[in-house]
Amino acid sequence: KLFKKYNISLCLSGHAHLQHTSEEDGLTQIITESLSVYPLQYGILTVSGNNWHYENRELGIRKEESKQRFDANTLSQVDEVLKRLNLSEDEKKAMEDLAVTANEEFFSGKQMTLNKYDPAYQLWVTYAPDSFWTSYLTSTIGDQKQ
C-alpha cells in the first residue's frame with residue numbers, strides 16, 4: 001500500500017539465494033540472488049528515464065570450484081536423509097542426482113525440469129515422504145502434466 005501511495009513501480013530486495021521477479025498491481029519486485037552461492041550470479045540494473053532493465057550475469061570466475069562445493073554440500077544434506085533408508089545403491093544414486101540437479105536449477109533461477117512422474121522423484125515420495133527434500137522437490141514441480 002505504501003509503494004502504491006508513493007507511485008513506486010520497482011522494488012529491489014535481497015537476502016535470498018536466488019533471483020525471483022514478480023509483478024502485481026503495477027509493482028515489479030526483484031529479489032536479487034546471493035553472489036556467494038553457486039552459480040555466482042549478480043544483477044545489473046540499467047535505468048534510462050522512466051525505463052529500466054534488469055538482467056543476471058555470472059561472475060565468470062571460480063564457477064567450477066563453486067559448483068563442486070555447492071554439489072558436495074547438497075549431497076551431504078541429502079545423504080543425511082538417505083542413510084536412514086533401506087535403499088539400493090542405484091536408488092540412492094538416482095535420488096542424489098535428482099536433488100543435486102533440482103537444487104542447481106533452483107539456485108540458478110532456471111526453469112525447473114522436474115516432473116511428478118520422474119522415477120527418482122517417486123523414490124523420494126515413497127521412501128522419504130516427510131523429509132525436507134521431498135517437500136522441496138515437490139515445491140519445484142508446479143502444475144505440470146505428463
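Here are some notes on this predicted model, point by point.

1. Some ground rules to start. Residues are numbered from 1 along each chain as its sequence is written, and side-chain values use heavy atoms, with hydrogens and water left out. As the model is predicted, local features need pLDDT of at least 70 and side-chain atom pairs count only at pLDDT 80 or more, while totals for chains, interfaces and linings use all residues.

2. Take a look at helix 4, residues 119-127 (helices are DSSP runs of H or I, at least four residues, numbered from the N terminus). Ala120, Tyr121, Leu123 and Trp124 are buried here (buried is under 20% relative accessible area, exposed over 50%, partly exposed in between, with a 1.4 Å probe and protein chains only). They sit on the same side of helix 4 because they cover an arc of only 155° around the axis (taken from the directions from the helix axis to the C-beta atoms). Over on the other side, Pro119 and Thr126 are exposed.

3. What covers those buried residues? The cover includes helix 2 (63-82), helix 3 and helix 5 (132-141).

4. Now the largest nonpolar core, which has 23 residues (a set of buried Ala, Val, Leu, Ile, Met, Phe, Trp, Tyr and Cys joined through side-chain atoms within 4.5 Å). Leu98, Trp124, Trp133 and Leu137 touch the most other members. Helix 3 gives the largest share of this core, 5 residues. Leaving out residues up to four places away in sequence, Leu98 touches Leu114, Asp118, Ala120, Tyr121, Trp124 and Leu137 (contact means heavy atoms within 4.5 Å).

5. Glu96 in helix 3 (residues 89-108) deserves a look. Glu96 is buried yet has no salt bridge (a side-chain nitrogen of Lys or Arg within 4 Å of a carboxyl oxygen of Asp or Glu). The nearest side chain of opposite charge, Lys92, is 4.2 Å away (Lys and Arg count as positive, Asp and Glu as negative, with His and the chain ends not counted).

6. Elsewhere, the structure holds 8 salt bridges. One of them pairs Glu104 with Lys67, with the closest N and O atoms 2.9 Å apart. This pair links distant parts of the chain, Glu104 in helix 3 and Lys67 in helix 2, 37 residues apart. Glu104 is buried at 15% relative accessible area, whereas Lys67 is partly exposed at 24%.

7. Lys93 also forms a salt bridge, with Asp97, the closest N and O atoms being 2.8 Å apart. Lys93 and Asp97 are separated by about one helical turn, because they are 4 residues apart in helix 3.

How values were computed. Helix = DSSP H or I, 4+ residues; strand = E, 2+ residues; numbered from the N terminus.
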